Amino acid sequence: MNLPNLLTLLRLFLVPVIFYALARGFFAVALVIFFAAAITDALDGWIARHYHLQTRLGAVLDPVADKLLVVTTVITLTWLQRIPLWLTVAVISRDLLIVGGGLLYLLLIGKFSIHPTLLSKWNTALQFVVIVLVLLEAACRWRMPLLPVFVLVFVTAVASGGQYVWVWSRKAIAQDRASGQS
């Protein structure tokens, strides 16, 4: 157990706290907690890379914490009618595609290593931005033109999901060809 893993665990523990704050309508509290959780996400990765503290546990726990944080918050904000359902479906479908595709690849082809693409990183960052903007709007009772940001997240989610399918398909074809030549 090291500092990056502790920060990731903290992020996991903040998920039900954010849900509770949102369910109770405490948008300012949810905003502060979500922002703190987002900072721990950036911080744990930086510390792990900078000080060579990457662990197998962290490699598994970090994406789980990220997905749980985003999915729980997005679903709750959709339930509260703050985020449109079509965006939530795109965000969750992308995550299910990534997890399901990874498991399918593992079962059918074999071991692989997954590295987030630049587009995937952009989509994840934009998801965090959307959540912060929606929470900021709700907490401050501002009206912001969020539709363009919703559309941008939707487009990058669909494109990112498609990119994973493309990359994994190419790896599977290359693996199949390599095993056919053996």
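This is a predicted model: local features need pLDDT of at least 70, side-chain atom pairs count only at pLDDT 80 or more; totals for chains, interfaces and linings use all residues.
Local features need pLDDT of at least 70 and side-chain atom pairs count only at pLDDT 80 or more, while totals for chains, interfaces and linings use all residues. Residues are numbered from 1 along each chain as its sequence is written, and side-chain values use heavy atoms, without hydrogens or water.

**Overall fold**

The protein has six helices and zero strands. Helices (H or I, at least four residues) and strands (E, at least two) are DSSP runs, numbered from the N terminus. The order along the sequence is α-α-α-α-α-α. The C-alpha trace spans about 65 × 40 × 25 Å along its principal axes.

Of the 182 residues, 38% are buried. Buried means under 20% relative accessible area, exposed over 50%, and partly exposed in between (1.4 Å probe, protein chains only). A contact is a pair of heavy atoms within 4.5 Å. Among contacts between residues at least 6 apart in sequence, 77% join residues at least 24 apart.

The protein exposes about 10800 Å², and carbon and sulfur atoms supply 72% of that area. Accessible areas come from the Shrake-Rupley method with a 1.4 Å probe; for residues, only the protein chains shown count as cover.

**Helix α3**

Helix α3 covers residues 56–79. Its 24 residues should span 34 Å at 1.5 Å a residue, and its end C-alpha atoms are 35 Å apart, which agrees. The expected span is 1.5 Å times one less than the number of residues.

Buried residues of α3 include G58, L61, A65, L69 and T73. An α-helix has 3.6 residues a turn, so residues three or four places apart point the same way. The buried residues of α3 pack against α1 (3–23), α2, α4 and α5 (118–140). Just after α3, Q81 takes a positive phi of about 60 degrees.

T88, in helix α4 (residues 85–108), counts as buried because its relative accessibility is 4%. Leaving aside neighbours within four places in sequence, T88 contacts V74, I75, T78 and I83. The side chains of T88 and T78 also make a polar contact at 2.3 Å. A polar contact is a pair of N or O atoms within 3.5 Å; within protein, one must be able to donate a hydrogen and the other to accept it, and residues adjacent in sequence count only if both atoms are side-chain atoms.

**Salt bridges**

The whole structure holds seven salt bridges. Each is a side-chain nitrogen of Lys or Arg within 4 Å of a carboxyl oxygen of Asp or Glu. Three of them are tabulated below.

| Pair | N to O distance |
|---|---|
| D66 and R11 | 3.1 Å |
| R94 and D95 | 3.3 Å |
| R143 and E137 | 3.5 Å |

The D66 and R11 side chains meet in a salt bridge. This pair links distant parts of the chain: D66 is in helix α3, R11 in helix α1, 55 residues apart. D66 and R11 are both buried. R94 and D95 are buried as well. Salt bridges that share partners join R11, D41, D44, D62 and D66 into one network.

**Surface**

F35, I39, L43, W46, Y51 and L53 make a nonpolar surface patch of about 580 Å². Patches are made of residues with over 30% relative accessible area and no salt bridge; like charges are joined within 9 Å, and nonpolar side chains (Val, Leu, Ile, Met, Phe, Trp, Tyr) within 5 Å. Y51 lies in the loop between α2 (27–50) and α3.

L147 is in helix α6 (residues 147–181) and counts as exposed at 53% relative accessibility.
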